[in-house]
Amino acid sequence: MEPVEINAGAYYLRQLRADNLMDDRPAVLAAFTDPELRRWVTGYQVEDLDSAGRYITLRAHEWQEDLRCSWAVAEPTTGEMLAEVGLKDLDLVRGIGSAACWTHPAHRGRGVMTQALQTALRFGIEALGLRRIGYRHAAGNESSRRVAEKCGFTLEATLHQATTVDGDLHDVLAWTLIV
């Protein structure tokens, strides 16, 4: 599918970019080298501008293959990337997917993610026909818990010792939004 831009009220959602007009690589790098984000978001090695560029290229490929819709949450007047929000693990035939998100360290605690994720969820439901959207995070990630609650997810299960945080096993909270 082709990436789409979405008005999210105080923000807009757009494809991650690394081109002559807009370069999200510094924002991605700053986020993924932040110790707090690295605690909770695992599986990605973003340690320099080149690896940030590969991350952005991966997101574009996932759009093309209908695997994931991923947006930079941007400030409307400057285009500055504040966060990333997405719908991943898409199965458009069965109408299922999962939410994923992170916020740049300089923009946490302002409600950016709640508004952005609500917008992405509406897109998933109305444009993609998703009927079941999951959201998972480590039990100690209170920011993710608050976002899940504010976005209308229902806690469905606790997966015991299902992830590693700071070298220790932690539970994962599995939330679901059913339409």
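A disulfide here is a pair of cysteine sulfur atoms within 2.5 Å. Keep that cut-off handy for the last stop. Before clicking, note that this is a predicted model, where local features need pLDDT of at least 70 and side-chain atom pairs count only at pLDDT 80 or more, while totals for chains, interfaces and linings use all residues. Residues are numbered from 1 along each chain as its sequence is written, and side-chain values use heavy atoms, with hydrogens and water left out.

**Whole chain**

Helices (H or I, at least four residues) and strands (E, at least two) are DSSP runs, numbered from the N terminus. Trace the chain along the sequence and the pattern reads β-β-α-α-α-β-β-β-α-β-α-β-β. With a radius of gyration of 15 Å, close to the 16 Å from the globule rule for 179 residues, the chain is as compact as a globular protein of that length. That radius is taken over C-alpha atoms, and the rule is 2.2 Å times the number of residues to the power 0.38.

**Helix α1**

Next, select residues 25-32, which form helix α1. Show side chains: Ala-27, Val-28, Leu-29, Ala-31 and Phe-32 are buried. What covers them? Among the elements doing so are α2 (35-40), α3 (49-64), β4 (81-91) and β5 (96-103).

**Thr-119**

Jump to helix α4, residues 112-126, and pick Thr-119. Is Thr-119 buried or exposed? Its relative accessibility is 4%, so it counts as buried. Leaving out residues up to four places away in sequence, Thr-119 touches Ile-6, Asn-7, Ala-8 and Leu-13.

**The cysteines**

Finally, show the cysteine sulfurs. How many disulfides does a search of the whole structure find? The count is 0. Cys-69 is in none, and the nearest cysteine sulfur, in Cys-101, sits 15 Å away. Cys-69 is also buried, as its relative accessible area is 0%. Click on to Cys-101: the closest cysteine sulfur to its own is that of Cys-151, and at 7.8 Å this is too far for a bond.

Note on methods. Buried < 20%, exposed > 50% of the residue type's maximum accessible area, 1.4 Å probe, protein only. Contact = heavy atoms within 4.5 Å.
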